[in-house]
Amino acid sequence: MQPLRYSINVTLDGCIDHMAVTPDEELHRRAAETIARADALIFGRTTYEMMESAWRPAAAGNKADWVADWMLPFAKVIDRTKKYVVSDTLAHADWNAEIVRGVDLEATVRALKRQPGRGLYTGGVRLPMALAELGLIDEYEFVVHPRIAGHGPALFAGLSKGVDLKLVGRLEYGSGAMALRYEPKR
């Protein structure tokens, strides 16, 4: 069974607003390497639309002013990676994506995990919380940035029950950010 991994950038005070942190070249390079090892990404509608609007044009050579040249390898790898989008409201998805509608989330993700492969990755906020509630995430990676945002949204706010984790790896970036990898205690 292939693992489902979750990764998110977070500030020291738990803020997961993507505008609250500024990932640097080193972090983008590692994220591109990580996604390149994924068989597919599983996103909710909001994360899918945000990622598509940012990275699809950049991968096609139409990068926005904020996209530095060193971000292009990330754009290219996420562009070509298979995506599953869990949504009942998204009209269509054509960015190497398949929409997963009105299904039993647990059964669908378990079926994807049963397929042979190196692993699945997820990101975002609401979908990963639902996956955590179902006990489907096999590895959590929190890239903790040395910043206090002073506002939300907060990571896993509203989770119905705690998830006990054990540290399985860590990586310190030159920026002072730390990537902390955990697996659920079972």
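A charge is taken to sit over a ring if NZ of Lys or CZ of Arg is within 6 Å of the ring centre and within 35 degrees of the ring normal. By this criterion K82 lies over the face of Y84, at 4.9 Å from the ring centre, and K83 lies over the face of W95, at 4.0 Å from the ring centre. The model is predicted: local features need pLDDT of at least 70, side-chain atom pairs count only at pLDDT 80 or more, and totals for chains, interfaces and linings use all residues. Residues are numbered from 1 along each chain as its sequence is written, and side-chain values use heavy atoms, with hydrogens and water left out.

Helices (H or I, at least four residues) and strands (E, at least two) are DSSP runs numbered from the N terminus, and two strands pair if DSSP finds at least two bridges between them. An open sheet of 8 strands is present, with mixed pairing and the order 4-3-2-5-1-6-8-7. Strand 4 (97-100) and strand 7 (165-172) stand at its edges with a single partner strand each, so one side of each lacks a neighbour in the sheet. From one strand to the next the twist averages 25°; axes are lines fitted to C-alpha atoms, for helices over the stretch in contact, and angles run from 0 to 180 degrees between N-to-C directions.

Strand 6 (residues 139-145) pairs with strand 8 (residues 178-184) in the antiparallel sense over 5 bridges. In this pairing V144 stands opposite M178, and R181 is the bridge partner of E141. Strand 1 (residues 4-11) pairs with strand 6 in the parallel sense over 7 bridges, with I8 opposite F142. In a regular strand the side chains alternate between the two faces of the sheet. Both faces of strand 6 are covered, with E139, E141, V143 and H145 on one side and Y140, F142 and V144 on the other, all of them buried. Here buried means under 20% relative accessible area, exposed over 50%, and partly exposed in between (1.4 Å probe, protein chains only).

Helix 2 packs on the sheet, where it touches strand 2 (40-44), strand 3 (83-86) and strand 4, and its direction makes about 115° with that of strand 2. Contact means heavy atoms within 4.5 Å. The axes of helix 2 and helix 3 come within 8 Å and cross at roughly 105°. The two helices are therefore roughly perpendicular to each other (angles under 35 degrees count as roughly parallel, over 145 as roughly antiparallel, 65 to 115 as roughly perpendicular and the rest as oblique). Helix 2 contributes M51, W55, R56, A58 and A59 to the contact, and helix 3 contributes L72, F74, A75, K76, I78 and D79.

The structure holds 8 aromatic pairs. Rings of Phe, Tyr and Trp (its six-membered ring) pair if their centres lie within 6.5 Å; planes under 30 degrees apart count as stacked, over 60 as edge-to-face and the rest as tilted. The rings of W55 and W66 have centres 5.4 Å apart and planes at 75°, so this pair is edge-to-face. Because W55 lies in helix 2 (residues 45-59) and W66 in the loop between helix 2 and helix 3 (72-80), the pair ties together parts that are 11 residues apart in sequence. W55 is buried, with a relative accessible area of 6%, whereas W66 is partly exposed at 49%.

Y140 and F142 form a stacked pair, 6.0 Å centre to centre with 25° between the planes. Y140 is buried at 3% relative accessibility, and F142 is buried with a relative accessible area of 11%. Together with Y6, F156 and Y182, these two residues form one aromatic cluster.
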